[in-house]
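Thank you all for making time this morning. I would like to walk through one structure with you, taking a few of its features in turn, and I would ask you to keep the picture in view while I talk.

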Amino acid sequence: MESGGDHARSDEPREKCGVVGVSLADRAAARPLYYALYALQHRGQESAGIVTHDGFQQHSHVERGLVGDAFDPGDLEALSGNTGIGHVRYPTAGSLDKSCAQPFSVSFKSGSLGLSHNGNLVNADEVRSELAASGHAFTSDGDTEVIAHDLARNLLKEDLVRAVKHTMSRIHGSYSLTIAHDDTVLGVRDPLGNRPLCLGKLEDGYVLASESAAIDTLDGELVRDVRPGELVVLEPDGSGYDTYQLVESESTAHCFFEHVYFARPDSVIDDSLVYEVRRKLGRKLWEESGVETDVVMPVPDSGRAFASGYADAANETAADGTPRSEGDGSVEFAEGLMKNRYVGRTFIMPTQDERERAVRLKLNPIRSTVEGKTVTIIDDSIVRGTTSTQLVDLVREAGAAEVHLRIGAPPIIAPCYFGIDMATREELIASDMSTEEIRETIAADSLAYLSIDAVAEALDASRADLCLGCVTGEYPFDVEGETTDREVTRPQVGQPPADD
Ligand code: AMP
């Protein structure tokens, strides 16, 4: 999806999604795919789909809604075959068109293709125009279809590995893909490894998934992350896999926000357990900006791991850096907000009014935790500022003497073009306000964010290997109207594919 600077609209689809693929020896793939999609449901709630192949033909079922609603037992039964891929798609206001739901499937002269995509291309329009000029007809405005057509075209004239390599040389942006070419399942990760993708071993086959939690759900074992620029090809009989490093890059651009907010805490991404990263971020938050209060409490569920790390660090060292000794008393770590788990993600409410109402529906203070006390509320991020404004107000109304806010990420100042729906620049509260101005707006007694360096340290990565676009405004891919944080070459799509 091509978007330019300040003109990016919130109703443009941003493909924040979950992908999976399995290849099994002697068992239908549909159920394992269905369970894996359940494990990835947090990555997308708008639509769910599965494409399988039975050795002769492809079967597909894609439906709007949650995984549990999208399939009935008959649908799973009809998805025959031991190999297949699946997808859950994230909802964004205005992008409810079923033609964008995935896996995207096409049949062509040399077989069938199914494609599941997590990420966002920034040159999809260029590739689409060029393919359209050579006769390809498109049924959606999504970038996944562009990848599918490009790959199908290459497959007409070359083998699978070369075809994928040539498609990778033409598309620019972020992509973690699972692909079904007839009964062969592939996993591809973009050369900078922006979105996660991992490989797991099952008792009777192999699985590729956005997050390792999906592999756990299938009682499998995480083998490793798919490497940036790598193609993994699963054997159709589940007996093994081949791998090809198709593109080498000097650096990576792993999305730090996967660790901060998006991924499940029980997933291992790029060698780090997300829960432990969040706890580390919480510890650093205390070290950088700890404030002594009676109670430390998380915003459920997003702030929980951060708050536990923060409270642990607070019990070891005082805010002024002196070690605590026994008898100093401990900082109370308590639940001060109760979450109504039946309310969906507030973020996707199309209007500000609805978003405010949704926060109130979703969270209610626990009076005994906060009444008469000084409290620190911990959350992972502030995007528009809706949640924090409401929370500070709620907790004060419930009787808190002071309300301090600590945020486990740096201020989000710029939109994400690569797969996380982060609101437009104008909607981001930190895009044009200082931390002090934000504090005033949300009426907190104090507010502090985490530094970018602390994020890199907690992830055990250098800044140059992370995508920090939303907190620096500089991106690892060439987005029209934006600046880049490294040397990037956007492919010249009109040119013939680069030679091997
Ligand atoms: P806001 O209320 O707009 O400031 O959003 C911040 C809240 O939304 C925090 O509680 C985050 O946990 C959560 N959040 C952060 N990023 C996202 C996202 N991309 N999609 C949905 N929710 C998010």
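Let us start with Glu292, which forms a salt bridge with Arg324, where the closest N and O atoms are 2.9 Å apart. Please bear in mind throughout that this is a predicted model. The pair links distant parts of the chain, since Glu292 sits in the loop between helix H9 (274–289) and strand E17 (295–298), while Arg324 sits in the loop between helix H10 (304–316) and strand E18 (332–333), and the two are 32 residues apart.

A second pair to look at is Glu130 and Arg170, whose side chains meet in a salt bridge at 2.5 Å, N to O. Glu130 belongs to helix H4 (residues 124–133) and Arg170 to helix H6 (residues 160–170), so this contact ties together parts that are 40 residues apart in sequence.

Stepping back, how many salt bridges does a search of the whole structure find? The search finds 32, and there is also a network of salt bridges that links Arg43, Arg195, Glu211 and Glu258.

Now to helix H5, residues 143–155. At 1.5 Å a residue, its 13 residues should span 18 Å, and its end C-alpha atoms are 19 Å apart, which agrees. Because 13 of the 13 residues of H5 are buried, this helix is largely enclosed by the rest of the structure.

Finally, the cavities. The structure holds five of 30 Å³ or more, and the largest cavity has a volume of about 80 Å³. Of the 13 residues that line the largest cavity, the closest to its centre are Cys255, Phe257, Cys416, Cys467 and Cys470. Helix H8 (256–262) and helix H16 (469–472) each supply at least two residues of that lining, which by class is made up of 10 nonpolar, two polar and one charged residues.

Technical notes
Residues numbered from 1 in each chain as written. Predicted model: local features only at pLDDT ≥ 70, side-chain atom pairs only at ≥ 80, totals over all residues. Heavy atoms only, no water. Helix = DSSP H or I, 4+ residues; strand = E, 2+ residues; numbered from the N terminus. Expected span 1.5 Å × (residues − 1). Buried < 20%, exposed > 50% of the residue type's maximum accessible area, 1.4 Å probe, protein only. 1 Å grid on protein atoms, 1.4 Å probe; cavity = no way out; pocket = protein on both sides within 12 Å on 5 of 7 lines; lining within 4 Å. Points joined across faces, edges and corners; volume = space filled by probe spheres on them. Nonpolar A, V, L, I, M, F, W, Y, C, P; charged D, E, K, R; others polar. Salt bridge = Lys/Arg side-chain N within 4 Å of Asp/Glu carboxyl O.
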